[in-house]
Amino acid sequence: MYTSTVQEYKPKAFTRYKIRTGMFAWMLHRLTGLALVGYLVTHVWGLKAITDASAYNALITEYHGPIFKVGEFMLLGAVVWHALNGLRIVLIDFLGWSPNQKRLFWTLGGVAALLFIVGGYPSIAALISHYGS
């Protein structure tokens with residue numbers, strides 16, 4: 001007869017996984033990948049206006065609006081993170097840098113943040129000048 005002296009722990013489905021750097025990188029990589037696919041669909045849909053000059057000019061004028069400047073900023077963040085995390089995955093898979101993956105995560109995260117700030121400055125400056133004037 002089996003009697004349990006230690007209370008059995010059954011984790012709930014949502015709390016089963018602990019969010020650590022590897023899991024966080026995996027989730028962010030998937031989310032940025034989905035965002036990039038959504039951007040590509042929107043971009044290709046927008047390219048249909050290239051055959052009509054007036055529709056193209058109207059679309060380009062709309063792309064200079066403030067909401068698209070925020071979108072450019074978010075797109076830059078998605079591209080930078082997805083590319084650098086992809087590089088991290090390649091380094092871990094092909095060079096065996098698995099023991100250093102936490103350090104690699106934070107290093108490439110810092111590089112991504114720097115690229116995001118420097119590269120996103122023109123979009124944010126245009127947004128500030130739009131609302132500042």
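User: Before we look at this predicted model, what makes two rings count as an aromatic pair?

Analyst: Rings of Phe, Tyr and Trp pair if their centres lie within 6.5 Å. By this rule the model has 5 aromatic pairs.

User: How do you know that Trp 81 and Phe 105 form one of these pairs?

Analyst: Their ring centres are 5.8 Å apart, and the cut-off is within 6.5 Å, so Trp 81 and Phe 105 count as a pair.

User: Why is the pair of Trp 81 and Phe 105 called edge-to-face?

Analyst: Look at the angle: the planes of Trp 81 and Phe 105 stand at 75 degrees. Planes over 60 degrees apart count as edge-to-face, so this pair gets that name.

User: Which parts of the chain does the pair link?

Analyst: Distant ones: Trp 81 sits in helix 3 and Phe 105 in helix 4, 24 residues apart. Both residues are buried, which means each has under 20% relative accessible area. Trp 81 and Phe 105 also belong to one aromatic cluster, together with Phe 24 and Trp 106.

User: Now the largest pocket. Which helix gives the most to its lining?

Analyst: That is helix 3, with 11 residues. The pocket holds about 600 Å³ of space and is lined by 22 residues. Tyr 39, Phe 68, Gly 71, Glu 72 and Leu 75 lie nearest its centre.

Notes: Residues are numbered from 1 along each chain as its sequence is written. This is a predicted model: local features need pLDDT of at least 70, side-chain atom pairs count only at pLDDT 80 or more; totals for chains, interfaces and linings use all residues. Side-chain values use heavy atoms; hydrogens and water are left out. On a 1 Å grid over the protein atoms alone, a cavity is a set of points where a 1.4 Å probe fits but cannot get out, and a pocket is an open set with protein on both sides within 12 Å along at least five of seven lines; lining residues have an atom within 4 Å of a point. Grid points are joined across faces, edges and corners, and a volume is the space filled by probe spheres set on the points. Helices (H or I, at least four residues) and strands (E, at least two) are DSSP runs, numbered from the N terminus. Rings of Phe, Tyr and Trp (its six-membered ring) pair if their centres lie within 6.5 Å; planes under 30 degrees apart count as stacked, over 60 as edge-to-face and the rest as tilted. Buried means under 20% relative accessible area, exposed over 50%, partly exposed in between (1.4 Å probe, protein chains only).
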